[in-house]
Amino acid sequence: KTVSSGKTVLFVGTKKQAQQVIQKEAERCGMFYVNNRWLGGMLTNFDVIKESVKKFQAEKELLESGATTKMSKRDATKMKDRVEKEEKVFGGLTGLERRPDAIVLVGAHDEKNAMHEAKQVGIPIIGLVDTNTNPALVDFPIPANDDATKSISLLVGTFAKAIKDNKGLALKKKEDKESAKTEVKDKALA
């Protein structure tokens, strides 16, 4: 429902077992992800994070364009190292212009800061909840083993597929609205 109305989802999973799955599935469905480290204030202080992501994107584009040849070798190396380090933190947030509308969380027990911030700003949480977590902390708890790669893969893959399918519906709805507006304008001109 969230995605079909054109909203965004953030996949969060920093456990070693979840990192690759989170990145792969989020990229597959065209959504955003955090798979290395949750930065404090990522949701509650979103404007600062957004500016950091923009700065990271600009430096990354500068490196990729080859414009660093005009810089001193030392400065170019520093920038390259900084971009590689920030890629782990900001890579999955590239293009995120506003707070996500929902969060898919793997390992609610390990992602307490993400849960706390999401609750603070009113973002619903869909979470894989193991026996070591209170399911009341998550808006939509899904009982699952959040330590098993196969379990994570199965459930996050299912979310990604549903998001991808419903994202297509959102685009179709948007195209239908635009074509209806065009028809109304054409009739008015005729």
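Reply: Val106 has Leu128 of strand β4 as its bridge partner. The model is a predicted one, in which local features need pLDDT of at least 70 and side-chain atom pairs count only at pLDDT 80 or more, while totals for chains, interfaces and linings use all residues. Residues are numbered from 1 along each chain as its sequence is written, and side-chain values use heavy atoms, with hydrogens and water left out.

Strand β4 (residues 125-129) runs parallel to β3, and four bridges join the two. From β3 the chain passes through helix α4 (residues 112-121) to reach β4, a β-α-β crossover that is right-handed (with the strands pointing away from the viewer, the path from the first strand over the helix to the second runs clockwise). Helices (H or I, at least four residues) and strands (E, at least two) are DSSP runs, numbered from the N terminus.

Strand β3 also pairs with β1 (residues 9-12), again in the parallel sense and over four bridges; pairing requires that DSSP find at least two bridges between two strands. Here Val12 stands opposite Leu105 of β3.

In a regular strand, side chains alternate between the two faces of the sheet. Ala102, Val104 and Val106 point one way from β3, whereas Ile103 and Leu105 point the other way, and all are buried (under 20% relative accessible area, with exposed being over 50% and partly exposed in between, for a 1.4 Å probe and protein chains only). Because five of the five residues of β3 (residues 102-106) are buried, this strand is largely enclosed by the rest of the structure.
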